[in-house]
Amino acid sequence: MSLSDVFNPGCPLVAFGTCQSDVQSLESGLKFGIQCGFRVINASCEYSNCRSIKAGLTSVIDGGFVSRSDLFVILKLADADISSLSIEQHIERRGLHYIDLLLLHVQAIDVGGMVTIWRRLESLCFSSKLFRNIGLSGVSVQQLEAISNIAVIKPFAIQVKCNPYSPKTDLLQFCLSRDILLIAMFPLDGLDSKGSLLKEEIVVNIASKHKVSCAQVLLCWALQRQTLPVVQTLNIDEIKQNIMQDGLCLSEGEMEKIHQLCKSNGDTHGLVKLTS
């Protein structure tokens, strides 16, 4: 499954993240992001910003800038939120009638518990019109394989931290083999790295060669691996840069050099080989 097969034709394949500390600025930032071309919106029930998201989405939809069908909205839930009423409330708080992708965060749940919860999600998916696809967040290869093997409704996507420091090679390879989309959180860096990916000499040199920003290089790396990167910024210039990927293409050698920045223990595999 290529990213172009998942979303509407012409849809930029970078997601606008809403994990922002400045809730008051999120409404205007989200509106500006959509006006710049963002069509995939990533939200979570962990964030206390549903009013800002509702105001931003309502403004661009009611104002006629986009229709609801132009957008692909992702919402992440915790286990405690899995009921038809709870999900409906979360959706309504964001000014929507349905969610395109509902994700369940399962990092601390054992496989047996995951199977039970997945069955509940499948049941809701069959009986409800509240969401159109289901997936998992914080999942390991072993957990994902266990769910994929028993699923009536296959996971549409998973969401994990994924960048050159933590490329999740095995997990991505499994996703590609099963046509599961990997949504890459923190593609420009992790919360604990303080932006050091953007300062890596390899990234800086590649950006200089292509006359683009370091962020654009890292997003291109993510996109060429067939992942969907989620970017988090309310800076106007950064929003513009993050959505502008036209014409940028990294060579296999450049992809490999960036991959070698991996600093995570145990993930020392080579570049993921993609099939056309």
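**Loops, helix pairs and a closed barrel**

Aspartate 179 lies in the loop that links helix H7 to strand S7 (181–185); here helices (H or I, at least four residues) and strands (E, at least two) are DSSP runs, numbered from the N terminus. The model is a predicted one, in which local features need pLDDT of at least 70 and side-chain atom pairs count only at pLDDT 80 or more, while totals for chains, interfaces and linings use all residues. Residues are numbered from 1 along each chain as its sequence is written, and side-chain values use heavy atoms, with hydrogens and water left out.

Aspartate 179 is a friendly place to start looking at backbone angles. Most residues other than glycine have a negative phi. Aspartate 179, although not a glycine, has a positive phi of about 55°. With a relative accessibility of 37%, aspartate 179 counts as partly exposed (buried means under 20% relative accessible area, exposed over 50%, partly exposed in between, with a 1.4 Å probe and protein chains only). Lysine 211 also has a positive phi, near 60°, and is likewise a residue other than glycine. This lysine 211 sits in the loop between helix H8 (201–210) and H9, and its relative accessible area of 75% makes lysine 211 exposed.

Helix H9 itself spans residues 214–224, and ten of its eleven residues are buried, so H9 is largely enclosed by the rest of the structure. Among the buried residues of H9 are Cys214, Gln216, Leu219 and Trp221.

The view now moves to helix pairs. Two packed helices are described by the angle between their axes and the distance between the axes. Helix H6 (residues 141–150) packs against helix H7 (residues 169–177) at an angle of about 20°, and their axes are 10 Å apart; axes are lines fitted to C-alpha atoms, for helices over the stretch in contact, and angles run from 0 to 180 degrees between N-to-C directions. This makes H6 roughly parallel to H7 (angles under 35 degrees count as roughly parallel, over 145 as roughly antiparallel, 65 to 115 as roughly perpendicular and the rest as oblique). The crossing of H6 past H7 is left-handed, the term for a near helix turned anticlockwise from the far one by less than a right angle, with right-handed used if it is clockwise. On the H6 side, Val141, Leu144, Glu145 and Ser148 make the contact, and on the H7 side Asp170, Leu171, Phe174 and Cys175 do so; contact means heavy atoms within 4.5 Å. By type, the residues of this contact of H6 with H7 are five nonpolar, one polar and two charged (Ala, Val, Leu, Ile, Met, Phe, Trp, Tyr, Cys and Pro count as nonpolar, Asp, Glu, Lys and Arg as charged, and the others, Gly among them, as polar).

Helix H2 (residues 23–36) and H3 form another packed pair, with an angle of about 30° and axes 8 Å apart. H2 and H3 are therefore roughly parallel to each other, and H2 passes H3 in a right-handed crossing. Residues making this contact include Val23, Leu26 and Leu30 of H2, together with Ile53, Gly56 and Val60 of H3. The contact of H2 with H3 divides into eight nonpolar, three polar and two charged residues.

Asparagine 49 is found in the loop between strand S2 (40–44) and helix H3 (50–62). Its relative accessibility is 2%, so asparagine 49 counts as buried. Apart from neighbours within four places in sequence, asparagine 49 touches Thr18, Val23 and Leu26.

Strands complete the picture. Eight strands close into a barrel in the order S1-S2-S3-S4-S5-S6-S7-S8, with parallel pairing; two strands pair if DSSP finds at least two bridges between them. Neighbouring strands of this sheet are turned by 25° against each other on average, direction ignored. Strand S5 (residues 134–137) runs parallel to strand S6 (residues 157–161), and three bridges join S5 to S6. Glycine 135 has alanine 157 of S6 as its bridge partner. Leucine 104, in strand S4 (residues 101–105), counts as buried at 3% relative accessibility. The C-alpha atoms of leucine 104 and isoleucine 134 are separated by 7.9 Å, although the two residues are 30 residues apart along the chain.

For the chain as a whole, the secondary structure comes to eleven helices and eight strands, and 51% of the 276 residues count as buried. Among contacts in the chain with a separation of 6 or more, 76% are between residues 24 or more positions apart.
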